[in-house]
Each structure stands twice: as C-alpha cells, then as structure tokens.
Amino acid sequence: MRPLLSIQDLTIVYGGLVALGSVSFDVDERAIHGVIGPNGAGKSTLVNALTGFAPISSGTVTLADRHIGGIPAHAAAAAGIARTFQNIRLFAGMTVLENTLVGAHRHFRARLPHLLLRAATARGEEKRWRERAMGELDFVGLTGQAQASAGALSYGHQRRLEIARALLLEPALLLLDEPMAGMNAAEKEEIETLIRKVRERGVTVLIIEHDMQVMRRLCERVTVLHHGRRLADGATAEVFAETAVQEAYLGRSS
Amino acid sequence: MDFFGQLLVNAIMLGAIYSLAAIAYSLVYGVVQLVNFAFGELFMLGAFICISLMLPSVRLFGLEAPMPALPFLLAAPVSIAVVAAIGVVVERLAYKPLRNAPRLAPLIAAIAVSVLLQSLAQSVWGAEELSFPSFALSDLPPIILFDSIYVSVMEIVVLITALVSMLGLTLFVRRTRMGRAMTAAAEDREAAYLVGIPVNRVIALAFLIGSGFAALAGVLYAQAYGFAHPTMGFLPGLKALTAAVLGGIGSIPGAALGGMVLAVIETFGAGYLPNGSAYRDAISFAILILLLMFRPQGLLGRPELNDMPAGSLVGMLGQYARAGGVGRLFAPIDRLFERMGAGSLVLNVALFCTALALAFIITNDFWLRILIFVVTYGLLASGLNIVVGFTGLLDLGFVAFWAVGSYFTSILFILVLKNQFGVAPTDIWWLFYVNLIAGGVLAAGAGMLLGYPTLRLRGDYLAIMTLGFGEIVRIVATNWIDLTRGPMGIRGIPTPSLFGYPLNDPRHLYLVGVLLAAALLFLLSRVVRSYVGRAWVAIRENESAAEAMGVHTARYKLYAYASGGFFGGVVGVFFAHSQQYISPLSFTLFENILILMLVVLGGLGTFIGPFVGALFWIVFLQVAQGFSLFQAMPELRYALLGALLVALMVFRPQGLSARARVPLSIEK
C-alpha cells in the first residue's frame, strides 16, 4: 500500500535540546497508526511539527507526495491534516454547532459581496455545511446538543466535539493527541469504536495514546519514540514483542 | 557644544525620572504580567499629594483646606508612602480578583482604574494646575559647568535620588529573602506558591514598591517642571512604559537603561530635528512601535513575554467571575436580552421603529442632540466591538479611524473644494453620501495598514502598539497645520442635505444617524453570521485552535481591523457633517478609552451592547448634570464610570447585555 504520510529524517531542535532526532516512518493510507513512547519522548512535538505548530529544523514531510514540512498551521489544515489537542482546545464562547462549523472553514467560498447580499452561493453553502455539521455531531454521539454552549459540555463530550470539528475539515489525515486521556474503560471503548468508524470512512488516523491495551487492539502499525529517537516501527504485534521496546517503555520486568 | 551639553544635562535629568517610573512598570509586569496603566495616575497623585503637604492650605473639592506646610524633604516621603498604599489597595480591589481571568480583564481594569484616579484627582484638586512651591534646595543658585551649561542643585538631587533608589531596589531584590521570593514568583508564580512563597504578599509588595517609585518619579517631575495637573501623568506614564519595553519589560536594569536611552533620543530629537519639539512625543511612540515590531523583548528582556493564554471574557463566563447575588440582580436584564440576541426579526424591526419614532416623540432639540451623540458613540463602539468584542484584540488606537473619516471629508469639502476651487458646499450635497463610503473605505485601508504590524503581537503589547498608533495620528493631526489646520480645527463643514433640502435640524440629523446605524448593523450582521464571524470569534476564544482548523488568523485579524476601521470612517464622516466642526481634541486616547468602556459596559461581542452602553452612559452624563454634586464636580461622573468598569470586570465581565449573544450562522 502507498503511504499517505511520509516522514524522512525529521529533526527538531529547541534551543540546543533535540526534541526529535532524525525520525523517519511512513503512515499507510487508511491505516490507524499509533505513536507510543514514554513522557518526553517527542510524541506531541511530532504532532505539532506535522501541523505547523513547531518549527522543523531539518528533514522532510510529505502528504500524498506533497511537501508539507514547515508550512504554517492553517496551511497544514488546508492541505488536509486535522488534529485534536492533548489539552482540549474548544471555542468556549461558541455553541457546539458553531464550534463544528469552524472546522468547515476551509470549504467556504462566498466572498464579501455574496455575504452582504446573502447571495444564493452564500446561503447554499452555509446550509450545506450546517447539515454536514449536524451529521458529524450525530456521528460522534452529540445528537441534540448542537445549541448547547461548548464550554458547558462534559469532559467526554468535549473530546467528542473536538473530533467532530476536526472531521468537518474533511481531512485526509486525522491526528489524535491522547484522545482518551482521563477517561474510564467504558468511555475509552466508545472512543475506540468511534476511531474505527472514522477510519472506515477513509480517513487515515495517527494516534498518540498511553493505554497500551487500547493501542494493541486499535493500531495496525506503531512507531515507538524514545528520547526523541525512533526506537521501533512496524506491525503492532511485532513491535510490542521487541525486547528493546519492552525495556524502554513497558519496563524491564515485563 | 553649549547646546549639546545643555541637552545632555536635560536628557539625563529626564532619563532619571523616566527610569524610576519605568521600574514601576517593569517590577509589576515581572511579577504579575500586567501592564498597570494606572502608574501614570499614581505618578500624578505623588506630585499632587507632595505639593499639597508643602502648602499651608489647598483647595480640595472646591473648599479651602488647611495643610501642614511640611518641608520638601518630609512631604516627599510622606506622599510616596501614601501613593504606595493606594497602589496596594488598587491591587487588592481591582487586580487580585482577576488573577486567573483572561488577560483582557485585568488590562481593562487597569485602564478603568486609570480613568477613575484621574477623574477623582480632577474632582479633588480641580482642573487647574497646582504650582510647585519653592523651597530651600530649589532656591540655591545653579552650578555652571564649562561656563555655559546650567545645572541646578535640585537636578543633582534628582539624579542622586534616582541612583540611590535603583541601587537600593537592586540590592533588595538580590540580597533579601523577600526580594528573592519576588524573583521566584516572577519566574513561575505557581511553582513559587507550591514551595511555600507567600505569593499574594510578594505581589502586594511589588505593587507597593512600584507605586512608590511612580510617586517618587511624579514628585521629581513636578518639581522639575514646577507644577502638578490631573492629566500630567498620562504622557510620562506612556514614556515610562516605552522605556520599560525598550529596556525589556520585567528587567529592572533594563528599565533604568531604557529610561536613559529614551530620554536621550527624545531630547536630542527635539533639539536637532526640524520641527522636532512639536513631534517629540511622536518620536517616542515611533520608537515604541518599531521596538514592538522588531524586538519586542527590548534590549535586556526575554522574548517569551509576548504571549497570551487562550480564553475570552465572553467564553470563560462563570469560570472566575463571582456572580452570586450580583448575578441574580441581572436576571431580568438577561431574560430581556436573551430574546433580543436570538435575532428575532420582529424584535429588531420593533427596535428600529422605536428608534425612528423617538425622533417624533421627543420634541426637545437638546435631547435630540443627546440622541445623536448616543447613535454616534454607539456606532463607534460597534466598530471597536468588531475588533475587541468579536475578535478579542484590545485596540487603543481606534479613534484614529474616526479621525481619518472626519478629516477626509472636512479637508475635501472645505480646504480643497471650497478654498482651492471655490465650489460651494451646498452645490455638491451628494458628495456627503459618496464620502460616507469613501471615508469608510479609506479608514478600512488605514485599519489594515496599522493592523499589519500588530499581527504578531498579543495581549498587552498589542494594546500598547495600537495606543502608539492612535497617539501618532492625533499628534500629526495637531501639528501638520497645512493639512489639518492643527488645533484650530476645521469649521463650516456643511450639514447633510438631500436634493437641496437641508437636513440640519437635530431631528433630521438623528434620523440620518439611525438610518446609518441600521444600515451598518445590517451589513455587519451578514458578515458576522457567516464563516467570517465564526473565524473572528474562534480567534478570540482560542487562536491556536482556530489556526489548526484552517483559519488564516493573520488575514482574519486584518479583516476585523478593516471592518472596524470602516465603521470608524463612516461615523467620522457623519460626525464631521453633523457637528460642522472638527478638531484634534475629539480624537484623544481618553475618547478611545471611553468608547472601549461603552463596549465593555454594554456587552462585548453583541450587536446591541455598544448601543446599550452608549445610551446608558450618555443619558447618565446628562441626568447627572441635575445633581448639585455633579454640577460642582463634573469629573466625578467619569470616576464613577471607572469604578463601575472595575466592578463589571470583577462581577460581570461580559457586560449588561451579555445574553444578547449573536448567533454565528444564518439559520436558526
């Protein structure tokens, strides 16, 4: 299978500290690809670098053969990469529906005159994307909450809203930065199911998560980062079997 | 050489005073990351209290009050102690409750405190100058250096005092337990708290010392220039802030260095540049702007200070504001506005018709004129609301766009067409309507132009930079006499007319204003209730998330500046023609702050809020005239506004009509 995302020798240096050192791996199209590693391994730095939030020191990143290394965040979104944040970042002063609609920002075509005259193009696309947004809210399990204030949602629902918002970008690649942090087993299972459904729609998923049980079940491939280096990369079962991985991440005794 | 030497002496004196005040900004910013705009007013209070103590009697609240007639060397420390105490009280009441609020809240509170203190000082001491009494030290003959450079004994005292206090502060911060605790709290407040540092006391101490330094600077300044005045703290306050930014805000040696460098540049610029003295303040602001653009961390500062945590006054409702009993107080208002904000067509049309009907119900020209002011200020506040309320960017230079619109149409009508080409304004009545749009477009362009350099800035730095732009525009309008006729202003601007039918009585002008307001709000609502409005609010709520969702935040910020500028420009044209006279006095920072306060009072990020704020405030201004207390001290009304705004920030930051929330999409 052709890789959707290809990372070559990606290096990120923060003031002399190597956050990522020459990391390379591919993410296959329509895969659920996991990135694991202990705290400080460079996982979030990786997500930030792919989405224009961290400056790249050297190396190349291509998405469907297009170079996207070092482009600004809004351009990364326009290129088809959507993300969620480790610490939820919603627009607290907006409703759930409005939050989701911001995800569709890049699809709107109406220019100022269209908006001022409320021309058919403006009305039509607004209606279309509202419907799509409602659909995504149903998809993530937020039916009936569209008019609620985003800030008033429960923690779990906020996580789902972030995913709905990201999906409205119609991304080729969805980056999930610890989407299950702070959840109990039942909630995690629901998010797991949701992620599978996302992949069935044809979206490639790159996920960072600390729960190894979940990752073992969910991902076809995993990349292990350790101190900013790639420690292992491959099919999930094989990677988990490697002694180096077990020592670095799961602890020597296991 | 004589000229140069004298300038150098003057620069060093001025630099010593700037440095002291800059240290106040830097010290407090270092510990709580707040630009305490009120330092300019504490500076002024220091001067007033010191002078008052030195006199045998002073007129306070218009009444002659006996005073102790203390010698300077006693009066100065007492006034510094009093101002330091005031600084701590201000911190306790206005800033401490906002410590975990979004950055906009303490910033607005600081501006409100500044208005409060300045207006209070005007009420207490009156609007006239209080001259500095002479005393033993100041009466000594000057020392003459190199036969021609005069240095007074007091100037040497100023320099020595400044050096000793800076050295003392440095030793305090480095050598004492409390000083090191302050450094720790500046580094990481939470970590300092966790290791047992009494952070609240440290912050109070920073305000105590900072206010003391501001007062000391004020006393020395008033002594050097020989007077105190309620507005005297404004410019030196801004200069000190510039000096603090120049040195690297948060750094004490930086502030000292910044003060000196700024004073040298300013003094020599005024001395040697053509027409330099007229533009000496503009020189400082230009330095400030260039600095923020190219090296916001200043000479000795650290770059990471230019950031702002996510969150907005609107979005973080209830997360820090102590609603409680006050919240219940607003319940009926909330219910009313909730219905309004839902955007029901019937309600909006009813509101519009009521506004029109007022023109016929009210027969009194005086009140119709008041209503014109309500509409004018409501529209200005609506324009500022696009930038501050919807997009979350604190803009203190908004009056510039109002000025652009006003001057554009006035210069065209009077100075060019009438004076150069002899065209009678009544013959070209239609040009007013063209100018409404042209002035708006011109101001929108200015908005983008001035907005561009601010794009990388956030929070306090953004506020400071826009303030610099606003002041530069005002200074140019005052001093470029060939273009603007300077402080004389432009007279004889024709009132609007329609096919030769003059619309010059207050009723007509009010109706024109209402129609203009309806048209502008209609257009604005179409933009806000689309992906553009969503992008603006997304930037306000969380800029990085907006960027991650594909919003080109820089571009949408420029759109916001342009839209706000458009409003400002259109209102400027209307204002010029309805007043028939404009002068730079209409476009001051105080006006800008007032407009900002109207937005905050009415409700950030709502359509109706700016008008609610304007109606509330302007009607109050008039009604208060009926009370003898306010007749005797009209400035007390502004003090009340300042106090109200602080209370609003603490208890209800979202303003009166918060529930009139604007839906950000077309269909319900």
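This is a predicted model: local features need pLDDT of at least 70, side-chain atom pairs count only at pLDDT 80 or more; totals for chains, interfaces and linings use all residues.
Which handedness does the crossing of H9(B) and H10(B) have? The crossing is right-handed.

**Helix pairs in chain B**

Helix H9 of chain B covers residues 234–247, and helix H10 of chain B covers residues 252–272. Their axes cross at roughly 120° and come within 7 Å of each other. Angles of 65 to 115 degrees count as roughly perpendicular, and the angle here makes H9(B) oblique to H10(B). On the H9(B) side, the residues that meet H10(B) are Lys239(B), Thr242(B), Ala243(B), Ala244(B), Leu246(B) and Gly247(B). H10(B) answers with Gly254(B), Ala255(B), Leu257(B), Gly258(B), Gly259(B), Val261(B) and Leu262(B). Sorted by class, this contact contains seven nonpolar, five polar and one charged residues.

A second pair is formed by helix H5 (residues 153–175) and helix H6 (residues 177–187) of chain B, whose axes are 5 Å apart. The packing angle is about 80°, and H5(B) and H6(B) are therefore roughly perpendicular to each other. Phe172(B), Val173(B), Arg174(B) and Arg175(B) come from H5(B), and they meet Gly179(B), Met182(B) and Thr183(B) of H6(B). The class count for this contact is three nonpolar, two polar and two charged residues.

| H9(B) and H10(B) | roughly 120° | within 7 Å | seven nonpolar, five polar, one charged |

Chain A has an open sheet of six strands with mixed pairing, in the order E6-E7-E8-E3-E9-E10. Strand E6 (81–83) and strand E10 (229–235) of chain A are the edge strands; each has a single partner strand, so one side of each lacks a neighbour in the sheet. From one strand to the next, the twist averages 15°.

His226(A) has Arg229(A) as its bridge partner in E10(A).

Helix H1 (residues 43–50) of chain A lies across strand E3 (32–36), E6, strand E7 (173–177), strand E8 (204–208) and E9 of chain A. H1(A) runs at about 145° to E7(A).

**Domains of chain A**

The domain assignment divides chain A into domain 1 (1–80 + 173–254) and domain 2 (89–170). The C-alpha centres of domain 1 and domain 2 of chain A lie 27 Å apart. Where the domains touch, 10 residues of domain 1 of chain A are in contact with nine residues of domain 2 of chain A. On the domain 1 side, H2 and helix H7 (185–200) of chain A each supply at least two residues. H7(A) gives the most to that side, with four residues. The domain 1 side has eight nonpolar, one polar and one charged residues.

Terms used. Residues are numbered from 1 along each chain as its sequence is written. Chains are lettered from A and ligands numbered from 1 in the order in which they are written. Two strands pair if DSSP finds at least two bridges between them. Axes are lines fitted to C-alpha atoms, for helices over the stretch in contact, and angles run from 0 to 180 degrees between N-to-C directions. Two residues are in contact if their C-beta atoms, placed from the backbone, lie within 7 Å. Angles under 35 degrees count as roughly parallel, over 145 as roughly antiparallel, 65 to 115 as roughly perpendicular and the rest as oblique. A crossing is left-handed if the near helix is turned anticlockwise from the far one by less than a right angle, and right-handed if clockwise. Ala, Val, Leu, Ile, Met, Phe, Trp, Tyr, Cys and Pro count as nonpolar, Asp, Glu, Lys and Arg as charged, and the others, Gly among them, as polar. Domain bounds come from an automatic or database domain assignment.
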